[in-house]
Each structure stands twice: as structure tokens, then as C-alpha cells.
Amino acid sequence: MYRLSVIDVVPALLQSAKIICALQIPHKLSRCNHNNNNNNKEMDSESGGSMDIDGATSGTYNNTATATTAAAATTTTTAHRTHDGNNSDCESDEEWHWRCQPIEAVQRGLQPYELDHVAPVSPSAGHKVLHRHPIRESPTKPPRPFRGTHKWDAKHVRLPCAPESKYPVETDDGSSDIESRWAMIGRALLRPINNSKQLQAAILSYNSTYKGQWGFGALHKLFDDELDESETRVFFEDLLPRIIRLALRLPELLQASIPLLKQQHSCALTLTQEQISCLLANAMLCTFPRRNTLKRKSEYSTFPDINFNRLYQSSGASVLEKLKCIFHYFRRVSPTERDASNVPPGCVTFVRLCGKPEQQVQWHQSSASLASIPLHVNAGGTIEDQGIGLLQVDFANMYLGGGVLGQGCVQEEIRFVICPELLVSKLFTECLLPNEALLMVGCERYSNYTGYAGSFVWEGNHEDRTPYDSSRRRRTAIVAIDALSFGKTSKAQQYREDLMLRELNKASIGFKYLLSGTTTTPPPGVATGNWGCGAFGGDPHLKALIQLMVCAHHNRPLAYFTFGNCQLRDDLQQLWQLFRTQNTSVQQLWSVLRRFKKESGSRTLQQFVRDELQRLKPQLNDDDDDELEQAMLQCEAAAAAAADEQHSKAKTTTEAKALKSPDLLADDSSDNDIELDDGEQLDKDEAEQEQANAMMSAASLESNTNAAAIAAAITAAASTRQLTLLEMLDRHYDQGQGQPNGGSKRQHQSSISSDKCLKTRKDCNDGDASSSNFR
């Protein structure tokens, strides 16, 4: 049994006193039966939503997005899903799905969107902006495209409308000729297309090399069997012509070249939502040249696929549901001939993050306390719903999107089809190396859904009320980090030190705060879960501990969603209580993890960690226990009294700094790489951080420490506020021990540890992506 402290009881009481509201957006859906052909299991619902292509009310776009952050915080969809079948012991009351601390603690007591993830957009050599900057159009109109030069080379996207884009055609006399690919695309798509067979013929006319190779079974099944006659008619008479007109506007909307986000180069790219919709319309119609082959030595062998041909020939109920999500997106964003008011006016930024060897964290030297950051563990929430305002983790494939354009339908694939603007990253992002991540800021969500993998079902329109930032990006930040994949026979290998170190460094690249050193506000928290623990075979306990270590080192609160696994939730709570009791540091936990493979015997990872940390427990005299407990409680009270003051300071600072932050990719170095701060200095102005650090410092004092003197020092600090609580404790410790507190700062040494990218798409195999409940 664990003793409950004030930190345990008070948040639970506050949370239980709140009224949790859920806004549900009404929409009309016709129903049709679905069968799960993949694994012969019953789906969550006997029926799913039809496309409702012409539903006027469900597709209304909110151009202004004027909803307040407080309203946005309460607009969450309660979408409890059983990703691993381990949900029988979960409480029916949503409020008690969580453990440790409430989600408000992860949000640092602020409104969800008060803390920034990146700086405002600013064009530079390392940040290509494809719209005119600054934006002068009204908030309801998309920014105008930037006029630049087109480039047809290995460093830029080869657009189908470029003059260099040619294609061989057979003439009437049997000879071959070379024609403009864009002219062929225009002729094929502007002819009447009344059914899926004619759409197939049009696509193959400018991809004639693949006649007899590409199948369109999923596309035919959707219109022949899944949708009713009226829905099919509306698609071919109204929506498809809109998509074609949008695709053919490519020369107008993209007036400059699109750089490829290449390996080992930190760079960023910002496009408008209108430009992204045009690019995705071309992907849907399979117009991008040189992107259809998967051969090892092809030009784009290290890039994900982008044309939709593989999706059209895939099988399974989830493939049809993904097509519904994508077609619904186009219904939302494609203008009609007379009205363009539904065109989204925002922008999206993609940042390739590349860690340098000299910036690599020395985990065996990190003195960050694992209990120094707020931790929320939730078995009933989702990253996209409950993680609003936080850095949301995409459990990525090294090839972005994984099997989204195939049979895959797990965490990454689902996020990409409910937020289709993420799909455009597949066009220009080379596969990720072990020291790289991709940050995506500003995407909008368009669809609701239920189920997972084979039971995934599109559930109609989603109205995204996330506010815009000063650069007209939705305040949604998603970071893609790819985990290692372990087969059934190699799962034990994940506990090797070098492989655990790879995962630590990968998560560190993704979680590192880009604005560290340029802002006085702390970094937003991280919303994540069982990263790499489905088809990739990862141990959820290990991945949770790794991500907790990284968050503690980078001073980022953590919201961890176990996707219905209540046992994992409770195990993490027990370990967190132990970390608090023991004042466990990152370096101590890393030391334990490094020994697990050789010394664990028959013990599980959780048992081994618990036993080893308890063995290292400092021995306190029994007579000092009560005094130390009182000192810790006074630490809590003093820090809580300062929270309101720090909250108001944070709000004031946030409002004042928006336009003063330098661009995250300012051209201040010859190689134009992102200049990443080491992110190690704790923010001592943050009240909640003071509270946790003060408690842990008090707990780690030697048995001869005078508890009454500690309480007096804390009381004085609370009344004067000239020194932080942690500084008061450090000063008292210095006086009592006669030596400085050497653990107040963390130091690094450089090391080089990186793997080579696998020049293959094996990890992107649909079978791997969809054979389990989560990646």
C-alpha cells in the first residue's frame, strides 16, 4: 500500500467536482452494413456512416475559428476504444479512467493553447514559405502563393505541371512519341467521367506503363457495393469535377518549387491549406511523376509513396472507410464553380528535425527527477481528443504515413486520414533516420471515427475548433517518431542497451523544445501512448519509461494514454509513486534498465525496476520520518500558494512574446540547420515545477537534516518570494553540509551514436501495419 499525499488527493477531489461537457456536432448519416473481412471479428457497430457527400449542414466550414480556447478545451470527443482487448476491468465512469495527476496538471494550469510549440513563420534559407509573407489577406481568405522559380532536380518535388514532365505515348502508326504529361492529364480528366471504371481509364491513360499492374478493386467496391445510387451519382456529378478543377489549378497555386526535406538536414516548409488540397487532389488522381515504382535504386526509393494507386487496389473494410474520410475531406475543401467560401484559409508547417552528435543527451549523467514533471495516465482518452494543446505523438513509420495508402489502419494511418493534410508530408519527406523526427504544425481535423484497425469506421464530419496562431496555423502540433520493429522471435532484443539508447535518442529529438532559450514560458506537455507496441512488438512498460525519462530530462509534462489497457495504467501509477518516494533520477532508472536483460531472470520489467529501486532506497531514521513528512507537506502548501501568482505571470508573458520569437529556422549558420538549444536548464519560475522539485529535494536530504529548519526556510520563501523554494532548500543544504549542492544542474558530454537508414520499405508493409491494434 502506498501512502497518499496532498498531491494525490487534492487533484482527484478537484477533478471529481468538475462537470465534464462533451459537444457533439450533429450530422445525418445513412447506414449500411459492413463486414470485417480481415479477421472475422464483429465491428464496434453493426453499421457505419455513408459518405453524405451533399450534406450541407455537416460540411459547413468555420473560416474564422473564433471559438475561445476555453470552449475548445471542453470540446472533446469521448471516444473510448479497446485497442488491445484489455478493458474488462476499466471503470464505466470516464472520470476515473485516469491515474496520477489530472490533465490540467500536464497543461500547467493554463488554458490548452497558451503555450507555443514553434515560433511564428519567417522565411529564411532553412525555412521555405510558399505563400506571400506577411499575409495581407483577410482571415477568411487563403494567403496568395509566393512567386518563385520552378526547379526540376533531385532537391525539389518534380511537379506534373513542369515543362520537363514528359511521357511516352504510342502514335496511330505504332511509333512512340514524347508528350507533355500535364497536357495528357488535362485531356484525360476533362472528359466526362460517370463511374469508377471511367475514372480508372482516365488515370491509366497518363500512367500507361502500369496497365495490367494497377488494380482498382477498392474504388469499384466503394461505388458498386458500399454507397447507394444517389451518393454515387453526387460524387461523379459534383464532387469529382470539383476535385479535378482543384488539381488542374496546380500551376496557379504552386508558383515556386517545393524543396524535398532530405535526410541529415534540418529544414522547414510552410504551405497554405489550399495549396495542400491541390497537391492531394493530384495525389488522388495519381499525377505525380517518378513516384510509382518501389524499386530499390529508383530516384524516390527512400521516400514514401504519394499517388493513391495502392489504396485503390487494397482490400478490407477499413480501406473503404479510409476512402470515405479522404473524399469527405475533399467535399469540405474543394470550391464549387461559383463559391469558394469553403476553402480553408490557414497554413501548415513541416519541420524536419535532425539531431547533431554533439547535442546527444548523456543519459547516464542526467540528474533530472522522474517525478519533477506532472504525469497523467489515462486508459480512456485519446491523443487527438484529450491531448489538445499538447505536443501529440505520431507513432510513425520511418516512411511517413506507413500503410495509410494501403491496408494499414492503426494509430498513424488513422491520424493521417482524419487529418488528411498530413498526407502531403509523404510527397517531400525522405524516410527518417534514427536521429530524426518530423514536426507538423497547423493541420486541421475533418472526420470523426470509431473502431481501430479492421473495425475502423468513418463517423461523419468533425468541426475543428482549434484556434489559429499568429501565422494562421491551427494550434495543433504533431511529432512523428518511428520506433524500432521487433518480430515475434526478436522481442527480447529490445532490452539491449544500444537499442534502448536508440529509442531514447529518437524520442529526445522529437520532444526537445525548439523555443528553449528564446522564450520565458515553459514548454507544452507531451501527449503520447504505447509507441511501437503493436505490430512493431515493443514492450509498453519499456516504451512508457523511455518516454517518461525523455520528458523529465526536457522538462515536459507527460499525458500517457494506454488505449484501454487498465493494467498498464495502474502499473505506471505504482512506478510513478515509487519514483516520487525514491526521488529517482533519469540516470538511476537508465542504470537499472541497462542491467535488465542480463540480471532480470524471470522477473518482468516492472518487477525488476521496482526491486532494484527499492534496493537503492536511502535509509532514513524512523525518528525523522514524521518530521520529513511535515516538511514535504509544507513544501506543497508553499508552492501551491505561489501557483496563482505564477499563473498570471505566464499569461502576461505569453501575450507579449508572440511576435518577438525568432524563426525556428533563421538563417544564422552556413548550413542552415536548426539551432537547437540543449534544453536542460529547469524553468524555476514555473510554480508547479517548484512544487515538485521542492518536494523531491526535501525527500533526498540526509537523515540528520533538521525538518524544523526546512519548514522555516520554506515559510520565509513563501512570504518574500525573493528566492524559489528549490533555492531555499539548496541554501539550507549548503549550510548544513558545508558543500554545494552539485545536483542542481545537469551536464552533458558529446557522443556519436547513429544508425544507417534502411534503404527499403519493408517497415511500411501493410501487413505489419495492420496486423495488430496499435503501432
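Phe223, Phe235, Phe236 and Phe327 form one aromatic cluster. This is a predicted model, so please hear every value that follows as computed from it. In total there are 16 aromatic pairs. One of them joins tyrosine 300 and phenylalanine 303, with 5.4 Å between the centres and 70° between the planes, which is edge-to-face. Tyrosine 300 counts as buried because its relative accessibility is 3%, and the cut-off is under 20%. Phenylalanine 303 is buried too, at 2%.

Next, tyrosine 329 and tyrosine 446. Their ring centres are 5.0 Å apart and the planes stand at 75°, so this pair is also edge-to-face. It links distant parts of the chain, 117 residues apart. Tyrosine 329 belongs to helix H11, while tyrosine 446 is in the loop between strands E11 and E12. Both tyrosines are buried.

Two rings have a charged residue over the face. Arginine 474 is placed over tyrosine 468, 4.5 Å from the ring centre. Lysine 543 does this with tryptophan 531, at 5.2 Å.

Now helix H9, residues 273-284. From first C-alpha to last it covers 16 Å, close to the 16 Å expected. How many of its twelve residues are buried? The count is twelve of twelve, among them Gln273, Glu274 and Met284. Just after H9, cysteine 286 has a positive phi of about 60°.

Last, the cavities. The whole structure contains twelve of 30 Å³ or more.

Note on methods. Residues numbered from 1 in each chain as written. Predicted model: local features only at pLDDT ≥ 70, side-chain atom pairs only at ≥ 80, totals over all residues. Heavy atoms only, no water. 1 Å grid on protein atoms, 1.4 Å probe; cavity = no way out; pocket = protein on both sides within 12 Å on 5 of 7 lines; lining within 4 Å. Points joined across faces, edges and corners; volume = space filled by probe spheres on them. Helix = DSSP H or I, 4+ residues; strand = E, 2+ residues; numbered from the N terminus. Expected span 1.5 Å × (residues − 1). Buried < 20%, exposed > 50% of the residue type's maximum accessible area, 1.4 Å probe, protein only. Phe/Tyr/Trp six-rings, centres within 6.5 Å; stacked < 30°, edge-to-face > 60°. Lys NZ or Arg CZ within 6 Å of the ring centre and 35° of its normal.
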